[in-house]
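Grab a pencil and open the viewer.

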Amino acid sequence: MDYPFADRAAEDERLIAQGRVFDPLTRRVLAEAGLAPGMRVLDLGSGAGNVARLAAERVGEDGSVVGVERDPAAIDLARRRTDAANVEYREGDVRALDGIGDGFDAVIGRLVLMYQPDPVEVLRQAAARLRPGGLLCMHEGDFAYDWACPQTPLWRQIREWVLETLEKAGIEARMAQSLFSSFRAAGLPGPSMLVEAYAAGGSEAPAWGYANVVAGVVPVMEKLGVATEAEVEPATLADRLLAETLAADGCVIGPPLTGAWTTVP
Ligand SMILES: C[S@@+](CC[C@H](N)C(=O)[O-])C[C@H]1O[C@@H](n2cnc3c(N)ncnc32)[C@H](O)[C@@H]1O
């Protein structure tokens with residue numbers, strides 16, 4: 001199964017919104033990992049450009065960022081959102097990275113390994129694009145962690161639907177958990193790691209984030225026989241989820257994201 005979010009325009013809006021929750025976490029991981037002014041950076045699976053833009057902030061005018069993404073519509077949007085002269089987006093497949101160049105100071109990527117049939121090979125390819133001593137830094141999620149506390153009935157139901165859909169689609173919901181062993185299997189030094197999640201209760205609870213994910217995968221859910229659009233009711237889902245959380249005086253927990261980074265010999 002390819003990327004499961006079929007409606008690309010809606011997906012790019014989703015990625016931009018999701019950035020509000022994930023970008024502060026990625027910013028901290030890139031800082032901890034040592035992304036520094038002047039570096040030449042490759043961003044794998046750049047989507048709407050959020051991570052490339054965060055990297056550009058850190059490397060400054062003396063550095064540069066290349067985002068590689070296989071979806072042309074995402075590349076168009078990322079280009080429209082990015083006016084910095086030192087950020088460019090190229091169409092390509094992270095499984096091969098042909099023609100992307102090499103000798104990069106850093107290769108980074110967020111929520112991209114989880115979609116790859118062979119993430120270890122992607123890490124090998126990425127490492128091969130680095131100069132000696134270059135930095136490889138990946139940021140992946142654990143989508144099987146509790147989405148809300150308490151797990152009220154609707155939260156439990158949509159989590160089950162999404163996890164079943166990801167499993168049937170061959171997407172790794174818990175890529176974060178296998179980052180360390182994947183780096184090792186790719187022949188790399190064991191990475192340093194940082195795990196962090198966004199969480200909030202009350203009216204700030206990010207129920208909308210999960211509702212967006214569910215709405216984005218409804219066509220795939222239907223195709224794989226997991227749930228129908230009529231059962232999911234995506235138009236009202238965010239409101240219903242938030243209402244359950246407020247009624248339970250609970251909170252919503254964004255998927256914990258794990259940053260893992262190492263330098264190649
Ligand atoms: C969940 S999005 C993450 C986008 C971005 N990294 C972010 O965090 O905002 C995953 C992106 O990876 C892209 N992608 C997935 N597999 C790819 C591949 N094999 N080669 C290039 N891009 C890929 C998808 O098209 C999508 O834009």
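**Exercise 1: Who sits beside strand E2?**

In this predicted model, Val-66 has Glu-88 in E3 standing opposite. Start from that pair and work out how E2 is joined to strand E3 (residues 87-91).

Solution. Step one: look for another pair, and you'll find that Gly-67 has Tyr-89 in E3 as its bridge partner. Step two: count the bridges between E2 and E3, and you get five, with the strands running parallel.

**Exercise 2: Follow the crossovers**

Which helices take part in the β-α-β units that include E2?

Solution. Step one: go from E1 through H2 to E2, which gives a right-handed β-α-β unit. Step two: carry on from E2 through helix H3 (residues 72-81) to E3, and you have a right-handed β-α-β unit there too.

**Exercise 3: Buried or exposed?**

Are the residues of strand E2 (residues 64-69) buried or exposed?

Solution. Step one: recall the cut-off, that a residue is buried if 20 or more other C-beta atoms lie within 10 Å of its own. Step two: check one side of E2, to which Ser-64, Val-66 and Val-68 point, and then the other, to which Val-65, Gly-67 and Glu-69 point; all are buried. Six of the six residues are buried, so E2 is largely enclosed by the rest of the structure.

**Exercise 4: Around the ligand**

Which residues come nearest to the ligand?

Solution. Step one: of the 20 residues around the ligand, the nearest are Gly-45, Gly-47, Arg-70, Val-94 and Arg-110. Step two: find the elements giving two or more residues to this shell, which are helices H1 (8-33) and H2 (50-59). Step three: sort the shell by class, and you get nine nonpolar, five polar and six charged residues.

Methods
Residues numbered from 1 in each chain as written. Predicted model: local features only at pLDDT ≥ 70, side-chain atom pairs only at ≥ 80, totals over all residues. Near = placed C-beta within 6 Å. Helix = DSSP H or I, 4+ residues; strand = E, 2+ residues; numbered from the N terminus. Nonpolar A, V, L, I, M, F, W, Y, C, P; charged D, E, K, R; others polar. Buried ≥ 20, exposed ≤ 12 C-beta atoms within 10 Å, placed from the backbone. Right-handed = clockwise from strand over helix to strand, strands pointing away. Pairing = 2+ DSSP bridges.
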